[in-house]
Amino acid sequence: MEASARITCDFLGLSPGDTALLCLPLDYIAGKMMVVRSQVRKLNLLAVPPSAHPLKNVADRRIDFAAMVPNQVWKTLQVAEERQRLMRIRHIIIGGGSIDEQLAEQLRSFPNAVWSTYGMTETLSHIALRRLSGCDASQWYTPFPSVQLSASSDGCLIVDAPLVSEHTLHTNDIVQFREEQSGGSCASCRQFRILGRKDNVICSGGIKIQAEEVERMLKPYIATPFLITKQKDAVYGEIVVLVAENGDEENLRLIASSKLPKYYQPKRILTVSKIMLTETGKPRRDIDLYSV
């Protein structure tokens, strides 16, 4: 944990006496690591109760470093005063969930550094960052120098981070490496992006469809919370299923048919009162939770 803390603090240029905001629960590694970073780098730790509006009661305190989840950032942006406070934080790291294009667009004009993190509990927080704000904003993650990355035979990311984990980690995240414009070798392909989870691949009629990719394509057109999942099918093997909160099934079908390639279009649409979430706020995709 100390090694992970030093890596992050060094990368962000944090110095003793800087102020760090703790607004995440200590039940999870993200909250614990904020405490460890503050101890290791001798930061002033400002702790507030975890909530959707972590900057509501911090007045105009100078904050150099904060870690938040996407929902906290989104809710903060909706309140003008809180938005201004967010914009004054020198470094913001966002993790614990995907950052959609609408949120990324709002952060792109921020004057200070906003980062999306990639990591897992096994790596004691993040092992890679990508910039969301300014002219260096990118869709590609850059790993820390001590981290070595590769891909398994089924396209999933393999992480070798010896400073924070004794073992090589085989993830279920389907990875795409960025090739240099010069067409360099794989040694130059350290930057990467995650296309989705291996668990969320839908094999329908011999075509592999990534659930997260379908969600990204539909996100601008469906206002209510929704998710893409799969269901076993005697003809296709698996079919794409769209589950949406309080939606109009016919309207959802029209959106899907006009915005998605034919083989991405859901063969079943379910409207439910509530999309179920995991403890960390990620959508639960088990079709049995929604089917009746």
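How many cavities of 30 Å³ or more does a search of the whole structure find? The search turns up 1.

This is a predicted model, in which local features need pLDDT of at least 70 and side-chain atom pairs count only at pLDDT 80 or more, while totals for chains, interfaces and linings use all residues. Residues are numbered from 1 along each chain as its sequence is written, and side-chain values use heavy atoms, with hydrogens and water left out.

**View 1. The largest cavity and its lining.** About 60 Å³ of space sits in the largest cavity. A cavity here is a set of points, on a 1 Å grid over the protein atoms alone, where a 1.4 Å probe fits but cannot get out, and lining residues have an atom within 4 Å of a point. Grid points are joined across faces, edges and corners, and the volume is the space filled by probe spheres set on the points. Among the lining residues are Ser4, Ile7, His126, Ile127, Phe144 and Leu163. Helix H1 (2-12) and strand E6 (125-131) are the elements that give two or more residues to this lining. Helices (H or I, at least four residues) and strands (E, at least two) are DSSP runs, numbered from the N terminus. By class, the lining has 8 nonpolar, 4 polar and no charged residues; Ala, Val, Leu, Ile, Met, Phe, Trp, Tyr, Cys and Pro count as nonpolar, Asp, Glu, Lys and Arg as charged, and the others, Gly among them, as polar.

**View 2. The open, mixed sheet.** Its 7 strands run in the order E2-E1-E3-E4-E5-E6-E7, with two strands counted as paired if DSSP finds at least two bridges between them. Strand E2 (44-47) and strand E7 (142-143) are at the edges with a single partner strand each, so one side of each has no neighbour in the sheet. Helix H2 (residues 29-41) packs on the sheet and touches strand E1 (19-22), E2, strand E3 (65-68), E4 and E6, its direction making about 160° with that of E1. Contact means heavy atoms within 4.5 Å; axes are lines fitted to C-alpha atoms, for helices over the stretch in contact, and angles run from 0 to 180 degrees between N-to-C directions.

**View 3. Strand E1, covered on both faces.** Thr19 and Leu21 on one side, and Ala20 and Leu22 on the other, are all buried. Buried means under 20% relative accessible area, exposed over 50%, and partly exposed in between (1.4 Å probe, protein chains only). E1 pairs with E2 in the parallel sense over 4 bridges, and Leu22 has Ala47 as its bridge partner in E2.

View 4. After H1 comes Gly13, with a positive phi near 70°. Met1 lies in the segment before H1 and counts as partly exposed because its relative accessibility is 40%. Beyond neighbours within four places in sequence, Met1 is in contact with Ile29, Lys32, Met33, Val36 and Leu124.

**View 5. Gly31 inside helix H2.** Gly31 has 0% relative accessibility, so it counts as buried. Not counting residues up to four places away in sequence, Gly31 touches Leu22, Leu24, Pro25 and Leu26.

**View 6. The E12 and E13 hairpin.** Strand E12 (residues 201-204) and strand E13 (residues 207-210) run antiparallel, joined by 4 bridges. Val201 stands opposite Gln210 in E13. There are 2 residues between the strands, and Gly205 in the turn has a positive phi of about 60°.

How values were computed. On a 1 Å grid over the protein atoms alone, a cavity is a set of points where a 1.4 Å probe fits but cannot get out, and a pocket is an open set with protein on both sides within 12 Å along at least five of seven lines; lining residues have an atom within 4 Å of a point.
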